Amino acid sequence: MNLLSRNIFMAVAAIVLSLAGMGRAYAAEEDIDVQEIIFGHIGDSYEWHITDIGKREISIPLPVIVHSSTGWHCFLSSRLEDGAVYEGLYISSSDRYDGKVVELDAAGNEVRPLDISITRNVLSLMINSALLVALILCCARWYRKHDALEESPKGVAALLEPVIAMINDDVIKSAIGPGYAKFAPYLLTVFFFILINNLMGIIPFFPGGTNITGNITVTFVLAFCTFLCVNLTTNRYYWKDIFCPEVPLWLKPILIVIEVFGVFTKPFALMLRLFANIMAGHCLILCVVAMIFITAKMGALIGGSMTVVSVVFGIFMDCLELLVAFIQAYVFTMLSAVFIGLSRERPEKSDITEKQ
Amino acid sequence: MSLLLPDSGLLFWMVLIFAIVFVILAKFGFPVITRMMDKRKEYIDNSLRLAKEADAKMGRILEEQARIMAQAREEQNRILKEAAQARDNIVRKAQEQAQDEAKKILDEAKVRLEAEKESALREIRSQVAMLSVRVAEKVVRQNLESDKAQMDLVYRMLDEVTAPSKDKN
């Protein structure tokens, strides 16, 4: 047993040292731009970069769809590689439009055309959504084909049912109260949409590894949907509380401002919370991994030991991210449900009259 | 800073994809699942309630059974006690009757015995009287062959009769 463990230790040490050596060889050739690695990952791109083998980049070209001054253009991003210009379009490297497709106007300024390219994030979003739809429809199909009263769910249904039951009963039903059924599909969709994108983001290789829920556009859309849900289905008591709160007259202007502000800050907080949490998680894991290559320059001993630390810390961060992936999806759903529930609340007086 | 600004292309696709996902799932996905789950929950609740009711019924039946058993046992005891009493009564009555009968028989026997004794005594007396008369006849026949002797006897007898009366007076 002792011998075995020593052998394992030796093997690990050998791998770590050789990795460090490789890292050093790699680092010796060029300095690593950690910022570029991290922002390249967190941001969006017109191609899906998978890996490098030696000097060769392996990446999937994605369709670029733009409407420029010369009309619609649709072509693969491989045509724009290495700053090439195609049909008057090229990928900018200026501060303002860094990494985006631009064209030059008559005055020679860079102009952004209408750009609905299927970028890495969009493709990843499509893959994840397809996966989600497939999973949920599989689950729904089981319920359609089997009598739930006769047998217990199996397969995907058994996997998803406890989660759906938890969100539906513990979060949505308890937060919204009566009439919750109208909102349950939206909130469940939001929960599973965020969850699957979070989880796919943790997978470090294709088709995962994209930073979708850590992208402010995505969280903005989700938060905006919640904002619409809260404000379009509410009752008059909600508006009365905002524009005519029951407070002394001199307090009213202040309170109205605060309340109106609150209407927008609630979804805004939802948007930022999800975005910041997931983005920070991705950043941290990338930093931890990048540490291996940075310290590799400092010699085998420091590089090797830091590699061990990085791997251990990376494992820890990945476990934490798994937890965060679930918690953030849960929190977003729960807060959305709570906001919807609050907007549908009636004052206690009318409660009494209703009961009577 | 570009991190914090929504990108128009991604925004377009995100809205489109999310809308499609939402429509599909809200129409064919979650309502089916939640409806089934609610149905099953209702079914389970119902089953539990029925089981509880059945349990209560069972308890009531057991109670009833125990009550009936106790009642039957009581009845049994009562009947046994009554039977014992009846037996005792019958035995006592029979004994009394037997005693009465025996007494009656004894009394009858006694009466008959008395009567027999009486008649026997009467017979003996008459026998004795006849014998004594005969003896007396014989004695008298012998002695009265002479007048003198007859006269003596008469006188003696007279004396005997008068003497006791004198003693008495």
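At what angle do helix α6 and helix α9 of chain A pack, and how far apart are their axes? They pack at an angle of about 15 degrees, with the axes 8 Å apart. Everything here comes from a predicted model, where local features need pLDDT of at least 70, side-chain atom pairs count only at pLDDT 80 or more, and totals for chains, interfaces and linings use all residues. Residues are numbered from 1 along each chain as its sequence is written, with chains lettered from A and ligands numbered from 1 in the order in which they are written.

**View 1. Helices α6 and α9 of chain A, side by side.** Here are α6 (residues 216–232) and α9 (residues 300–343) of chain A; helices are DSSP runs of H or I with at least four residues, strands are runs of E with at least two, and both are numbered from the N terminus. Axes are lines fitted to C-alpha atoms, for helices over the stretch in contact, and angles run from 0 to 180 degrees between N-to-C directions. The pair is therefore roughly parallel, a label for angles under 35 degrees. On the α6(A) side, Thr226(A), Cys229(A) and Val230(A) meet Ser336(A), Phe339(A), Ile340(A) and Ser343(A) of α9(A); contact means C-beta atoms, placed from the backbone, within 7 Å.

**View 2. Where chain A touches chain B.** Chain A brings 37 residues to this contact, and chain B brings 31 residues. On the chain A side, α3 (120–145), α4 (156–176), α5 (184–202) and α6 each supply at least two residues. The largest share, 13 residues, comes from α3(A). By class, the chain A side has 25 nonpolar, eight polar and four charged residues.

**View 3. An open sheet of three strands in chain A.** The order is β4-β3-β8, with antiparallel pairing; strands pair if DSSP finds at least two bridges between them. At the edges sit β4 (71–76) and β8 (114–115), each pairing on one side only. Two bridges link β3 (residues 63–68) to β8(A), and His67(A) stands opposite Leu114(A).

**View 4. A hairpin of β6 and β7 in chain A.** Five residues lie between β6(A) and β7(A), and Gly108(A) in the turn has a positive phi of about 85 degrees. Across this antiparallel pair, Leu104(A) stands opposite Glu110(A). Strand β6(A) also runs antiparallel to β5(A), joined by three bridges, with Leu89(A) opposite Glu103(A).

Note on methods:
Angles under 35 degrees count as roughly parallel, over 145 as roughly antiparallel, 65 to 115 as roughly perpendicular and the rest as oblique. Two residues are in contact if their C-beta atoms, placed from the backbone, lie within 7 Å. Ala, Val, Leu, Ile, Met, Phe, Trp, Tyr, Cys and Pro count as nonpolar, Asp, Glu, Lys and Arg as charged, and the others, Gly among them, as polar.
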